[in-house]
Every structure is written in C-alpha cells, then in structure tokens.
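Thanks for coming. I will show one model and go through a few local features. Please look at the sequence and the structure first.

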Amino acid sequence: MVAARKDSHRRLYKRVKSKMKTSVYVIAEIGINHEGRITDCLEMVSAAKESGADAVKLQIIDPEKCYAEKSESFRLFKSASLARAEISEVFDFAKHCDVDIFATAGDSETILWVASFAILFCSS
C-alpha cells in the first residue's frame, strides 16, 4: 500500500511538473461549500472538471476533535460534514472524472484515514 502511494505521488509530481512548464495547474477549492450534501459535492467535482480544473480540494474535519462544541466553527463544520462513505464516493467519482483530488484534514486521525485512499496530497 505504501509503495502504491509513493508511485502515485511520483506520477502526480511528474504530471504537475510537466504541465507547469507550459501552463498552470488549476485546483478548484470545494472545501465545505457542498454544505454536507453529497449531490452538491459531486456536481462541484463535475463542474470543476468541465471548467478545466486539474484538481479539486476538500476540507475534511472532525468538528468533535477540532472545535469547542458551542463554537460557531463547530456548528458550521458539523452541519457541512460528509460521512466517510460519502467522502469515499467523492474520491472515487473524482478519479473516474480524471480529476486529481486531495484534502485538508483537521486532525491526525482524519489525516491517517485520508491517507488510506492513496490520494495525491494531504495537508493540515
């Protein structure tokens, strides 16, 4: 699994480096703009692809681990979260659409989970 991830990273690095010699690498920020609705998220991936984006980026945060329960951030991220099965579906859909996909993860457990997808990038 680790070797497959490293190979995936190498392929992406070469693709991005090659493309950036002649043009830009466009990343469409989806974040949590889907507001927790899987259909909206999938439509955003499609729209990004149709618009010429090379990649999409999500925010995957467990509000229980990252924010005080009574905070505005907790309320916002709690209402805009996708379930893990839905996130997996978005990653599969992006790959099917030939769009690179990565995420900003908000806590170490989420980072490890996201890394299990053998995704291309993961930042926190």
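Before any residue is discussed, one term: buried means under 20% relative accessible area, exposed means over 50%, and partly exposed lies in between, with a 1.4 Å probe and protein chains only. This is a predicted model, in which local features need pLDDT of at least 70 and side-chain atom pairs count only at pLDDT 80 or more, while totals for chains, interfaces and linings use all residues. Residues are numbered from 1 along each chain as its sequence is written, and side-chain values use heavy atoms, with hydrogens and water left out.

I begin with Arg37. With a relative accessible area of 40%, Arg37 is partly exposed. Arg37 sits in the loop between strand 1 (27–31) and helix 2 (38–50); helices (H or I, at least four residues) and strands (E, at least two) are DSSP runs, numbered from the N terminus. Along the chain Arg37 and Ser79 are 42 residues apart, and their C-alpha atoms are separated by 9.6 Å.

A salt bridge here is a side-chain nitrogen of Lys or Arg within 4 Å of a carboxyl oxygen of Asp or Glu. Glu35 lies in the loop between strand 1 and helix 2. Its relative accessibility is 47%, so Glu35 counts as partly exposed. Glu35 also has a positive phi of about 55°, although it is not a glycine.

Asp98 has a positive phi as well, about 60°, and is not a glycine. Asp98 is placed in the loop between helix 5 (84–96) and strand 3. Asp98 counts as exposed because its relative accessibility is 60%.

Back to charged pairs. Side chains of opposite charge can pair when their charged atoms come close. How many salt bridges does a search of the whole structure find? The search finds eight. One of these joins Glu29 and Lys57, with the closest N and O atoms 2.9 Å apart. That pair links distant parts of the chain, since Glu29 is in strand 1 and Lys57 in strand 2, 28 residues apart. Glu29 is partly exposed at 44% relative accessibility, whereas Lys57, with a relative accessible area of 14%, is buried.

Another salt bridge is formed by Asp62 and Lys65, where the closest N and O atoms are 3.2 Å apart. Asp62 is partly exposed at 22% relative accessibility, and Lys65 is partly exposed at 46%. Asp62 and Lys65 belong to a network of salt bridges that also links Arg84 and Glu109.

Last, strand 3. Is strand 3 (residues 100–105) mostly covered or mostly open? Strand 3 is mostly covered, with six of its six residues buried. In a regular strand the side chains alternate between the two faces of the sheet. On one side of strand 3 are Asp100, Phe102 and Thr104, on the other Ile101, Ala103 and Ala105, and both faces are covered.

The neighbour to mention is strand 2 (residues 55–60), which runs parallel to strand 3 and is joined to it by six bridges. Two strands pair if DSSP finds at least two bridges between them. For Ala55, the bridge partner in strand 3 is Asp100.

That is the end of the tour.
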